[in-house]
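Subject: Structure handover

Hello,

Here is the structure I said I would pass on. Please load it before reading the rest, as the notes refer to residues by chain.

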Amino acid sequence: MADSGLVMHEEEFTLIDAELAKLHQQANAKLTFLVDKNGQLITSVGETKGVDTTSLASLTAGNIAATGGMAKLLGEKEFSILFHEGEKDNIHISLIGQRVILVVIFDQRSSLGLVRLRAKKTSDVLVKMFEDIFVKIEKERGVKHAVKSPFAEITEEDIEKLFG
Amino acid sequence: MSFINYSAREINCKIVYYGPGLCGKTTNLLYIYKKTNPDSKGKMISLATETERTLFFDFLPLSLGSIRGFKVRFHLYTVPGQVFYDASRKLILRGVDGVVFVGDSQVERMEANVESMENLRKNLQEQGFNPDTIPCVVQYNKRDLPNVVPVAEMDKALNARKAPIFEAVAMSGTGVFDTLKEVSKQVILELKKQA
Ligand SMILES: Nc1nc2c(ncn2[C@@H]2O[C@H](COP(=O)(O)OP(=O)(O)OP(=O)(O)O)[C@@H](O)[C@H]2O)c(=O)[nH]1
Ligand SMILES: [Mg+2]
C-alpha cells in the first residue's frame with residue numbers, strides 16, 4: 001500500500017471539529033469543511049442544508065489534484081492555496097500538510113483577507129493534529145491487534161448482506 | 001485510501017473503474033446509479049466533454065448499509081480512457097482501494113485493452129501499489145456485440161494475475177452489480193487483513 005488509510009477516533013475527531021468550528025465563527029464563513037486528499041469528507045461546520053457536501057468534497061480533491069499536477073509541470077511543489085470568486089459566494093481552499101484540504105465558503109459578510117488570515121492560523125494548528133494522527137496510525141499498524149478493529153471479524157456473510 | 005471514522009462510525013472506500021476509451025466505464029456507473037434506491041446514493045457527477053467522453057472523472061457515492069455497526073460507503077470513480085488523459089488517470093488512482101478493469105470485448109479493441117492494462121499497472125506501481133495484489137476485478141464488457149473475442153483469449157491477454165472476471169453488457173446491466181459486489185468484497189476483506 002502506498003499510504004495507510006486515514007483512521008480517526010472519537011477524541012481526535014472532537015478536537016478537530018472544535019478547531020474547525022472556531023475558524024468558521026472567526027472567519028464569518030458560510031460553510032467550512034475538511035476533506036482528505038482522496039475526496040472523502042472528514043467533517044463540516046455551517047450551512048450544509050441543501051448543499052451536497054459529498055460531491056463538493058470530491059470535486060475539491062479533484063481541483064487540488066489537478067492544480068497539483070499543473071504545479072509539478074511548472075516545477076512548483078504545489079499550489080497550496082486556491083481561491084475561486086463567485087457573484088455571491090467565494091471558495092478558499094488550502095492544503096493542510098500533505099493529506100488534508102481545508103475549505104472555507106464565504107459571502108459578503110466576510111472578506112478574502114479575513115478568511116486567508118484565519119485559515120492560515122487554523123491550518124497551523126491542524127497540521128500538528130493530523131501529524132499526530134498519522135504517526136499514531138503508523139504505530140498501530142506495526143502492533144498487530146493492539147486495538148480491536150471492527151473489521152477484524154468480518155465474515156463473507158456480513159458482506160453479502162450489504163448487497164441484500 | 002479507506003477512511004475509518006470511529007466518531008461517525010463509518011468507513012469510506014474508493015473504487016476506480018479503469019479501461020480504454022469507450023469501453024463502458026461511465027455506462028457501468030450510470031447503471032448502478034439508475035438501479036440504486038435514492039436513500040443509498042448521492043448525486044452522480046460527470047466531468048465530461050460535449051460528446052460525453054469522460055474529461056476528468058465520474059463520481060458516484062454509494063452507501064449500501066452497515067457492517068458491525070459501521071456504515072460502509074463506497075466512492076466510485078471512473079477515469080478518462082482516452083490515451084492522452086494519462087495525467088488525469090494518475091490523479092484519480094491516488095488513494096484507490098480497489099480497481100475494476102473494464103475491457104472492451106470487440107476484436108478491434110484488443111490492442112487498446114492491452115495498452116490500457118499496461119498503463120494501469122504502471123500507474124499503480126508509480127503510486128506505490130502492487131498491481132498483482134491490490135483488490136481487482138476484470139470485466140469483459142459489450143458481450144452483446146457480434147464480433148467479440150472469446151473470454152479465454154481475453155484472459156490470456158489481460159488477466160495474468162487471474163483476478164475474478166465477469167462478462168458484462170453494461171448498457172443493459174448484465175454483470176454490472178456482480179462486478180461491483182466482487183470488488184467491494186475484496187476491498188472489505190483487505191481491510192480485515194489490515195485490522
Ligand atoms: N453494445 C454495447 N455498447 C455499450 C456497452 N456498454 C457501453 N456501451 C456504449 O459504449 C459507448 C461508450 O461508453 P462509455 O461508458 O461512455 O465509455 P467510457 O469507458 O466511459 O469512455 P471514456 O469516458 O472515453 O473513457 C456508449 O455509447 C455506450 O452506450 C455494452 O455493453 N454494449
Ligand atoms: Mg467515461
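Confidence

Please keep in mind that this is a predicted model. Its scores are ipTM 0.80 and pTM 0.91. For chain B the average pLDDT is 94, and 100% of its residues reach at least 70.

Chain A

Chain A is built from four helices and six strands. Their order along the sequence is β-α-β-β-α-β-β-β-α-α. Along the principal axes, the C-alpha atoms of this chain occupy a box of roughly 50 × 40 × 30 Å. Of the 164 residues in chain A, 45% are buried. Among the chain A contacts with a separation of 6 or more, 54% are between residues 24 or more positions apart.

One residue to look at here is Ser58(A), which sits in helix α2 (residues 53–73) of chain A. Ser58(A) has a relative accessible area of 1%, so it is buried. What is Ser58(A) in contact with, once neighbours within four places in sequence are left aside? The partners are Gly39(A) from chain A, and Phe57(B), Phe59(B) and Tyr77(B) from chain B.

Nonpolar cores

As a general point, nonpolar side chains in soluble globular proteins tend to be buried together. In this model the largest nonpolar core contains 59 residues. The residues with the most contacts inside that core are Leu34(A) and Phe130(A) in chain A, together with Ile15(B), Tyr17(B), Phe74(B), Leu76(B) and Leu180(B) in chain B. Helix α3 (residues 112–142) of chain A supplies the largest share of this core, seven residues. There is also a second, separate core of 30 residues, which includes Ala65(A), Leu91(B), Val96(B) and Val138(B).

Phe130(A) touches Met8(A), Ile16(A), Leu34(A), Ile42(A), Ile96(A) and Val100(A), with residues up to four places away in sequence not counted.

In chain B, Val100(B) is part of strand β6 (residues 98–104). Its relative accessibility is 0%, so Val100(B) counts as buried. Not counting residues up to four places away in sequence, Val100(B) touches Ile15(B), Val16(B), Tyr17(B), Tyr18(B), Val137(B), Thr179(B) and Val183(B). The C-alpha atoms of Val100(B) and Gly173(B) are 15 Å apart, and the two residues are 73 residues apart along the chain.

Magnesium site

Which residues coordinate the magnesium ion (ligand 2)? They are Thr26(B) and Thr54(B), each through OG1, at 2.0 Å. This pair links distant parts of the chain, 28 residues apart: Thr26(B) belongs to helix α1 (residues 25–35) of chain B and Thr54(B) to strand β4 (residues 54–67) of chain B. Thr54(B) is buried, its relative accessible area being 10%.

Helix packing in chain B

The axes of α1(B) and helix α5 (residues 176–194) of chain B come within 10 Å and cross at roughly 95°. The two helices, α1(B) and α5(B), are therefore roughly perpendicular to each other. On the α1(B) side the residues that meet α5(B) are Asn28(B), Tyr31(B), Ile32(B) and Lys35(B). Their counterparts in α5(B) are Val176(B), Phe177(B) and Leu180(B).

Backbone points to check

Most residues other than glycine have a negative phi. Two residues in chain B have a positive value. Glu52(B), not a glycine, has a positive phi of about 65°. Glu52(B) lies in the loop between β3 (45–48) and β4 of chain B, and at 69% relative accessibility this residue counts as exposed. Arg68(B), also not a glycine, has a positive phi of about 50°. Arg68(B) is in the loop between β4 and β5 (70–78) of chain B, and at 42% relative accessibility Arg68(B) counts as partly exposed.

Is Ala87(B) buried or exposed? Ala87(B) is exposed, with a relative accessible area of 55%, and its place is in helix α2 (residues 86–93) of chain B. The C-alpha atoms of Ala87(B) and Phe56(B), 31 residues apart along the chain, are 9.7 Å from each other.

Regards

Methods:
Residues are numbered from 1 along each chain as its sequence is written. Chains are lettered from A and ligands numbered from 1 in the order in which they are written. This is a predicted model: local features need pLDDT of at least 70, side-chain atom pairs count only at pLDDT 80 or more; totals for chains, interfaces and linings use all residues. Side-chain values use heavy atoms; hydrogens and water are left out. Donors are N, O and S atoms within 2.8 Å of the metal (3.2 Å for Na, K and Ca); water is not among the atoms, so sites may look incomplete. Buried means under 20% relative accessible area, exposed over 50%, partly exposed in between (1.4 Å probe, protein chains only). Contact means heavy atoms within 4.5 Å. pLDDT is the predictor's confidence in each residue, from 0 to 100. A nonpolar core is a set of buried Ala, Val, Leu, Ile, Met, Phe, Trp, Tyr and Cys residues joined through side-chain atoms within 4.5 Å. Axes are lines fitted to C-alpha atoms, for helices over the stretch in contact, and angles run from 0 to 180 degrees between N-to-C directions. Angles under 35 degrees count as roughly parallel, over 145 as roughly antiparallel, 65 to 115 as roughly perpendicular and the rest as oblique.
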